[in-house]
Amino acid sequence: MDKLYDFKARPTSLWLTVNRSCNFRCKWCYAECTGFKSSDDMSLTTAKRIANIVYEAGVRHITLIGGEPTLWPSLFEFNDYCKALPINLGMVTNACLFGDDEFWSQFLKTPFKSLGISVKGINEKQFTETVGTNNLYMETLLGIERLLKYYPNKGVNVVFSNLVSPDEVIEIAEHSRKMGAKSFQLSSCSVTLDDQEYNDDYSLQIEQFVDGLMRVYPHLHELYNGNILIEPRLPLCVFPVDFLNKVKERRQLLNVCHVQNRSGIVFDTDGSLLPYNSMVGIKIGKLDEDFSTGKELLDFLNNPILVNDYKEMLRYPSSECIHCKLNNICRGGCIQNWLALEPQICHAFYE
Amino acid sequence: MKDYIARLKKVGSTEVSPIVDTRKNATTGIDCNACSACDCACSDCAGGNCSNCN
């Protein structure tokens, strides 16, 4: 048998939740239960302390998440701080504020090393259906266009929820391409956790997702000259084997994440550690209570109790998986989906 | 966290193989989401080793 994973944390990257406030109200948002309150903003002092601690622990890349990070008042000051450490700083944004002239000129003075654009819709109907308002539609389109021009290799990310039809996915892909996107990432919509209850209201049923993906994939592949990334977040055994072979060979498949090998750390706005960002409210440790230096952070992440918790959380979904040839690139997809999925759907691939 | 774990419907073995570094799986030049777009922060291009990070 190959060497087994020891469930130890070896962090190389940090996802820093700097705020919960957001100018959008996407129906499938995993952070809806936070109430989007600006009073939850992380202080710049806390952000700097966390940056110092994770730097000491070996992390060299931070991605700001939210909420919507562009609404965080300390955004540019923190960017300057990270550049000086030095740490690469990126963020995931809905791009809306980049359509604001004042914000855009400020950004050009302090640009980010990297940036991810999450596109909610290209036409007004799609945008309104997902975001809940059309007020910011034009500004957001302008923001996306500006960013795609500024970052010449930039692509976009789209969540394939039941609010978007396969035809609309293709429409978003085509429009994004015209605006300058060089790559396209399509992710499924995972279940969210609201007050201890899971919510899969906006997730496509597995059969719908598979059918939809089979329909859009050839278009996306051709449109982006193969520069696409499919993120099913589901057990791979629900897909046709010839499709899996194709996307594997073309290196277009991403189904495991930093949680699966504990290479990433996620902080909430109050300095709490989260297992991953969609597990809002499930705190596994806290700055100054459980650690205050990089070494203490690493020791805390690798304490036997937490390692054992991860061992349970990261177990294979089904008894079939241990025999599966794809288990090292699958692992059942997004952990959170296993609040809803049943292990019986899994079957091993032997070839 | 224990309550959360108890609610997961996973029943397979806790003896799991290490995941394959998906940076090597991603298409060269793709805007891999460690350094960019990912709503769930799932990414393995941690460390910023992709072409977009450097």
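Reader: Which residues of strand 3 of chain A point one way, and which point the other way?

Author: A word on the model comes before the answer. The model is predicted: local features need pLDDT of at least 70, side-chain atom pairs count only at pLDDT 80 or more, and totals for chains, interfaces and linings use all residues. Side-chain values use heavy atoms, with hydrogens and water left out; residues are numbered from 1 along each chain as its sequence is written, and chains are lettered from A and ligands numbered from 1 in the order in which they are written. Helices (H or I, at least four residues) and strands (E, at least two) are DSSP runs, numbered from the N terminus. In strand 3 of chain A, Asn88(A), Gly90(A) and Val92(A) point one way, while Leu89(A), Met91(A) and Thr93(A) point the other way.

Reader: Are these residues buried or exposed?

Author: A residue is buried under 20% relative accessible area, exposed over 50% and partly exposed in between (1.4 Å probe, protein chains only). On both sides of strand 3 of chain A, all of the named residues are buried. The strand, residues 88-93, is mostly covered, with six of its six residues buried.

Reader: In which sense does strand 3 of chain A pair with strand 2 of chain A, and over how many bridges?

Author: Two strands pair if DSSP finds at least two bridges between them. Strand 2 (residues 61-65) and strand 3 of chain A pair in the parallel sense, over four bridges. In this pairing Gly90(A) has Thr63(A) opposite. The chain passes from strand 2 through helix 2 (residues 75-84) to strand 3 of chain A in a right-handed β-α-β crossover. Right-handed is the word used if, with the strands pointing away from the viewer, the path from the first strand over the helix to the second runs clockwise.

Reader: How many bridges join strand 3 of chain A to strand 4 of chain A?

Author: Four bridges join strand 3 to strand 4 (residues 114-118) of chain A, and the two run parallel. Here Thr93(A) stands opposite Ile117(A).

Reader: What is the order of the strands in the open sheet of chain A?

Author: The order is 9-6-5-4-3-2-1-10-11-12, an open sheet of ten strands with mixed pairing.

Reader: Why is one side of strand 9 and of strand 12 of chain A left without a neighbour in the sheet?

Author: Strand 9 (228-231) and strand 12 (285-286) of chain A stand at the edges and have a single partner strand each, so one side of each has no neighbour in the sheet. Elsewhere in the sheet, strand 1 (residues 13-17) and strand 10 (residues 264-267) of chain A run parallel and are joined by four bridges. Trp15(A) stands opposite Val266(A) there. Helix 1 of chain A packs on the sheet and touches strand 1, strand 2 and strand 10, its direction making about 170° with that of strand 1 of chain A.

Reader: At what angle do helix 1 and helix 9 of chain A pack?

Author: Axes are lines fitted to C-alpha atoms, for helices over the stretch in contact, and angles run from 0 to 180 degrees between N-to-C directions. Helix 1 (residues 44-56) and helix 9 (residues 294-301) of chain A pack at about 75°, with axes 7 Å apart. That makes the two helices of chain A, helix 1 and helix 9, roughly perpendicular; angles under 35 degrees count as roughly parallel, over 145 as roughly antiparallel, 65 to 115 as roughly perpendicular and the rest as oblique. Contact means heavy atoms within 4.5 Å. Ile53(A), Val54(A) and Glu56(A) of helix 1 make the contact with Gly294(A), Lys295(A) and Leu297(A) of helix 9 of chain A.

Reader: Which peptide bond that ends at Pro86(A) is cis?

Author: The bond from Leu85(A) to Pro86(A) is cis, with omega near 5°, and Pro86(A) lies in the loop between helix 2 and strand 3 of chain A. The bond from Gly66(A) to Gly67(A) is also cis, with omega near 10°. Gly67(A) belongs to the loop between strand 2 and helix 2 of chain A.

Reader: Where is Asn225(A) found?

Author: Asn225(A) is in the loop between helix 7 (206-223) and strand 9 of chain A. Its phi is positive, about 50°, although Asn225(A) is not a glycine. Asn225(A) is exposed, with a relative accessible area of 61%.
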